[in-house]
Amino acid sequence: MQDGKTLTEQNVWEHYKKVEAENFHLKKQLANKNKQIKHLKRVISTWKGKFEKLTENRKPKYKNTVRRK
């Protein structure tokens with residue numbers, strides 16, 4: 001036993017340290033995923049804007065210029 005701790009206290013302390021380390025790791029993972037999601041949302045928004053501009057250019061300016069059979 002170290003520092004006058006009982007075996008139970010030592011086990012609880014080691015378990016707490018493991019949980020704390022895992023929690024830190026998971027928080028880092030979550031932060032990274034959130035950054036990735038924000039980046040992908042920006043990319044999608046940019047693509048949507050470009051697509052809308054492309055489709056806007058394809059539309060005829062006047063309805064009566066469309067040829068009918």
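Here are a few friendly notes on the predicted model shown above.

1. Overall fold. The secondary structure is quickly told: the chain has one helix and zero strands. Helix 1 covers residues 7-58, within a chain of 69 residues.

2. I would keep both values in mind when reading the side-chain contacts below.

3. The salt bridge. One salt bridge is counted in the model. The partners are Lys17 and Glu20, whose closest N and O atoms are 3.4 Å apart. Why can these two side chains meet? Lys17 and Glu20 are three residues apart in helix 1, so about one helical turn separates them. As a general point, side chains of opposite charge can pair when their charged atoms come close.

4. Exposure of the two partners. Are Glu20 and Lys17 buried, exposed or partly exposed? Glu20 has a relative accessibility of 37%, so Glu20 counts as partly exposed. Lys17, at a relative accessible area of 40%, is partly exposed as well.

5. Aromatic rings. Two items belong here. Lys5 lies over the face of Trp13, at 5.0 Å from the ring centre.

Methods. Residues numbered from 1 in each chain as written. Predicted model: local features only at pLDDT ≥ 70, side-chain atom pairs only at ≥ 80, totals over all residues. Heavy atoms only, no water. Helix = DSSP H or I, 4+ residues; strand = E, 2+ residues; numbered from the N terminus. Buried < 20%, exposed > 50% of the residue type's maximum accessible area, 1.4 Å probe, protein only. Lys NZ or Arg CZ within 6 Å of the ring centre and 35° of its normal. Salt bridge = Lys/Arg side-chain N within 4 Å of Asp/Glu carboxyl O.
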